[in-house]
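Please look over the structure shown below before reading on. The briefing that follows takes up one residue, then the chain as a whole, and then some details of its parts.

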Amino acid sequence: MSEERICAIVGCGLIGRAWAVDFARGGWTVRLFDPVAGVVDAALSAIDGMLSDLVASRLLEAPAKDEARSRLLPASSLEAALAGAAWVQENAPERLEIKRELWRALDRLAPPEAVLASSTSAILPSRFTDDLPGRARALVVHPLNPPHLVPAVELCPAPWTSLETILRAEEVVRGLGHSVIRLAREIDGFVMNRLQAALVEEAFKLVAAGICTAEEIDIALRDGLALRWCFAGPFEVGDLNAPGGIRDYVVRYRDVFESVLASALPRPDWTGPVLDEIEHSRRLRLLAEEIPHRQRWRDRRLMALLRHKREVSETIGD
Ligand SMILES: NC(=O)c1ccc[n+]([C@@H]2O[C@H](COP(=O)([O-])OP(=O)(O)OC[C@H]3O[C@@H](n4cnc5c(N)ncnc54)[C@H](O)[C@@H]3O)[C@@H](O)[C@H]2O)c1
């Protein structure tokens, strides 16, 4: 029996191409399909740069890079991409009508034992899998961008996703080196975007109320809270911030948080004047045409951070 594991990447924009690197690096044969002419070629050329960056960051050996590259294959049709696939990762645009139509085809064309995974950031899986005969093997496997560099991935089942599918999905993404958040049931924003929404909403409120500038919000995170959060979550931070651990922390500081919550600022319109201010602040620091260059910088910083985290895991421990 063939040992080959085939992954079909359906939709090869930003997220699809990063998943392609992730699966190929993990030893999978990866077929790339995108209905828009030229996108797969553009993805493969971007992937060459991503693989080279991984080597330059000492996150991948040069021979492993060549092997991974040889496992990345363009597919001329959806049928060709899905033939024999054990995993399908859908990365089409975030529009319900596109997902619904595409998922009918995925369910019809993929082998019955294949796991069907969507990268959707915010559409509940029940909204595009409800009428599929094979809906028990469908779920959301939501990464943060870019998935070949960010370990955390959340698995969000629809009410009818089988336990077997969830366990298989967990096994596969852990096998690629990811850490997993397994949601007990579907909920808007899943876990990571709910956390992010709470924080970003407060950032908008503080800027809209004139308490601080957009740049100072970045300082508070980049040079403050996120330094600890990149190796310990908020509960561990609390656990270590009081001599008696998390319960002691809550006893000591609950009133602080209660008064913050009681003095909630009004909800701003994210698209209102506050956005003009935030955009102005950003454009002073980065011209719009420099964004692609800065995205590559972000990925290099992420790779350096990953490298650092791996090294200190070995020396200081997790
Ligand atoms: N960009 C992010 O930060 C991010 C993070 C996590 C998840 N996601 C999710 O990943 C998915 C893809 O987002 P992206 O940022 O890669 O978008 P993108 O616009 O970069 O890529 C989407 C790709 O889908 C292709 N496409 C269009 N119609 C299609 C169809 N019918 N079938 C298959 N492919 C089709 C497009 O040609 C394009 O290449 C979305 O659901 C998004 O919510 C995005």
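This is a predicted model: local features need pLDDT of at least 70, side-chain atom pairs count only at pLDDT 80 or more; totals for chains, interfaces and linings use all residues.

**A buried residue in a loop**

Phe190 counts as buried, because 20 other C-beta atoms lie within 10 Å, and the cut-off for a buried residue is 20 or more. Phe190 sits in the loop between β8 (179-182) and α8, and its phi is positive, about 50°, although Phe190 is not a glycine.

**Backbone details**

- Most residues other than glycine have a negative phi, and most peptide bonds are trans.
- Arg58 is exposed, because 12 other C-beta atoms lie within 10 Å, and a residue with 12 or fewer counts as exposed.
- The peptide bond that leads from Asn145 to Pro146 is cis, with omega near -5°, and Pro146 is placed in the loop between β6 (138-143) and β7 (152-157).

**The chain as a whole**

- The chain contains 13 helices and eight strands, and its C-alpha atoms fill a box of roughly 60 × 45 × 45 Å along the principal axes.
- A compact globule of 318 residues would have a radius of gyration near 20 Å, and the chain, with 21 Å, agrees with this.
- Of the 318 residues in the chain, 29% count as buried.
- When contacts between residues at least 6 apart in sequence are considered, 64% of them join residues at least 24 apart.

**Domains**

- The domain assignment divides the chain into domain 1 (6-182) and domain 2 (195-285), and the C-alpha centres of domain 1 and domain 2 lie 33 Å apart.

**Two packed helices**

- Helix α8 (residues 192-208) packs with helix α12 (residues 273-285) at an angle of about 95°, and their axes are 10 Å apart; this angle makes α8 roughly perpendicular to α12.
- In this contact, Phe204, Val207 and Ala208 of α8 meet Val274, Glu277 and Ile278 of α12, and the residues of the contact divide into five nonpolar, no polar and one charged.

**An exposed glycine in a helix**

- Gly224 lies in helix α9 (residues 214-229), and Gly224 counts as exposed because it has 11 C-beta neighbours inside 10 Å.
- Gly224 and Pro133 are 91 residues apart in sequence, and from C-alpha to C-alpha they are 49 Å apart in space.

Key
Residues are numbered from 1 along each chain as its sequence is written. Domain bounds come from an automatic or database domain assignment. Axes are lines fitted to C-alpha atoms, for helices over the stretch in contact, and angles run from 0 to 180 degrees between N-to-C directions. Helices (H or I, at least four residues) and strands (E, at least two) are DSSP runs, numbered from the N terminus. Angles under 35 degrees count as roughly parallel, over 145 as roughly antiparallel, 65 to 115 as roughly perpendicular and the rest as oblique. Two residues are in contact if their C-beta atoms, placed from the backbone, lie within 7 Å. Ala, Val, Leu, Ile, Met, Phe, Trp, Tyr, Cys and Pro count as nonpolar, Asp, Glu, Lys and Arg as charged, and the others, Gly among them, as polar. The radius of gyration is taken over C-alpha atoms; the globule rule is 2.2 Å times the number of residues to the power 0.38.
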